[in-house]
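Hi,

Have a look at it first, then read on.

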Amino acid sequence: MANHQIAVIVSSLRRDSFNRKMATALEKLAPPDFVFQHLDIGALPLYNQDDDSNPAESVKHLKSAILAAQGLLFVTPEYNRGIPGVLKNAIDHASRPYGQSVWAGKPAGILGVTPGTIGTALAQQQLRSVLAYLDVPILGQPEMYIQAKDGLFDNAGNIAEGSRKLFQSWMDQYAAWVKKHAA
Ligand SMILES: Cc1cc2nc3c(=O)[nH]c(=O)nc-3n(C[C@H](O)[C@H](O)[C@H](O)COP(=O)(O)O)c2cc1C
């Protein structure tokens with residue numbers, strides 16, 4: 001059985017990030033042939049078009065990891081009703097030089113968690129807009145606007161029983177989405 005390599009982009013650099021914790025917990029609900037690789041977007045320089053002809057090693061690494069992946073998983077907080085700058089920086093890096101974007105055609109899923117009541121909805125909508133421009137096919141449903149509340153995770157860091165069905169359903173549909181695009 002061929003593995004499905006998934007590039008995971010968590011756009012919080014915070015040590016105790018809820019979003020990273022959620023990504024890690026979600027991965028445990030994936031089919032056994034799915035392999036997840038977290039991309040280090042915090043080490044990237046700020047994008048500067050002058051560097052297109054001489055990209056940093058971290059940029060080359062980012063682009064080759066995306067190229068090698070069969071799917072993308074974005075897990076993002078919302079910063080001031082938009083996506084964190086660290087994520088937009090990574091997206092811009094991997095979209096350039098002009099004509100050498102590595103995003104096109106990679107099936108993607110998007111989730112986010114916040115203590116706030118709208119569950120990262122505005123950041124996710126902004127991300128959808130940017131990725132659509134880059135020709136990334138994005139799983140439309142189910143949407144996952146998660147509010148961080150006590151009891152979301154169990155003591156072992158898994159998605160707790162009360163939310164497990166919701167996350168399992170999302171993962172099942174995401175996995176089918178990735179496989180459909182790989183076929
Ligand atoms: C600069 C900044 C802006 C924020 N703006 C929003 C926001 O627009 N909406 C929201 O729900 N939470 C907002 N928050 C709160 C974050 O959702 C919260 O810090 C969350 O824990 C960040 O995700 P993380 O735990 O993965 O780091 C903001 C936090 C920061 C640091």
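**What turned up**

Lys60 and Glu57 sit three residues apart in helix H2, about one turn of the helix. Helices (H or I, at least four residues) and strands (E, at least two) are DSSP runs, numbered from the N terminus. Lys60 and Glu57 also form a salt bridge, with their closest N and O atoms 3.1 Å apart. A salt bridge here is a side-chain nitrogen of Lys or Arg within 4 Å of a carboxyl oxygen of Asp or Glu, and by that rule the count comes to five.

Before going further, a word on what you are looking at. This is a predicted model, where local features need pLDDT of at least 70 and side-chain atom pairs count only at pLDDT 80 or more, while totals for chains, interfaces and linings use all residues. Residues are numbered from 1 along each chain as its sequence is written, and side-chain values use heavy atoms, with hydrogens and water left out.

Now the ligand. There are 13 residues around it, and Ser12, Arg14, Ser17, Asn19 and Thr114 come nearest (near means that a heavy atom of the residue lies within 4 Å). By class, that shell has four nonpolar, six polar and three charged residues. For the classes, Ala, Val, Leu, Ile, Met, Phe, Trp, Tyr, Cys and Pro count as nonpolar, Asp, Glu, Lys and Arg as charged, and the others, Gly among them, as polar.

Which atoms face the ligand's oxygen atoms? Arg14 brings a polar side-chain atom to 2.7 Å from a ligand oxygen. With Phe18 it is a polar backbone atom, 2.9 Å from an oxygen of the ligand, and Arg81 likewise has a polar backbone atom 2.8 Å from a ligand oxygen. Taken alone the ligand exposes 610 Å², and the protein buries 71% of that (Shrake-Rupley areas, 1.4 Å probe).

On to the pockets. A pocket is an open set of points on a 1 Å grid over the protein atoms alone, where a 1.4 Å probe fits, with protein on both sides within 12 Å along at least five of seven lines; lining residues have an atom within 4 Å of a point. The volume is the space filled by probe spheres set on the points, which are joined across faces, edges and corners.

- The largest pocket has a volume of about 280 Å³. Its lining includes Tyr47, Lys88, Asp92, Arg96 and Tyr133. H3 (85-94) and H4 (121-133) each supply at least two lining residues, and H3 gives the most, with three. The lining divides into six nonpolar, three polar and three charged residues.
- The second largest pocket holds about 180 Å³ of space. It has 13 lining residues, with Asp51, Asp52, Pro55, Val59 and His93 nearest its centre. Helix H2 (residues 57-68) gives the most to this lining, with three residues.

Finally, some backbone details. Most residues other than glycine have a negative phi, and most peptide bonds are trans. Arg96 and Pro97 are joined by a cis peptide bond, with omega about 0 degrees; Pro97 is in the loop between H3 and strand S4 (108-114). Another cis peptide bond joins Gln141 and Pro142, and Pro142 is in the loop between H4 and strand S5 (145-147). Asn80 is not a glycine, yet has a positive phi of about 50 degrees; look for Asn80 in the loop between strand S3 (71-75) and H3.

Cheers

Notes: Polar contact = N/O pair within 3.5 Å; in protein donor to acceptor, adjacent residues only side chain to side chain.
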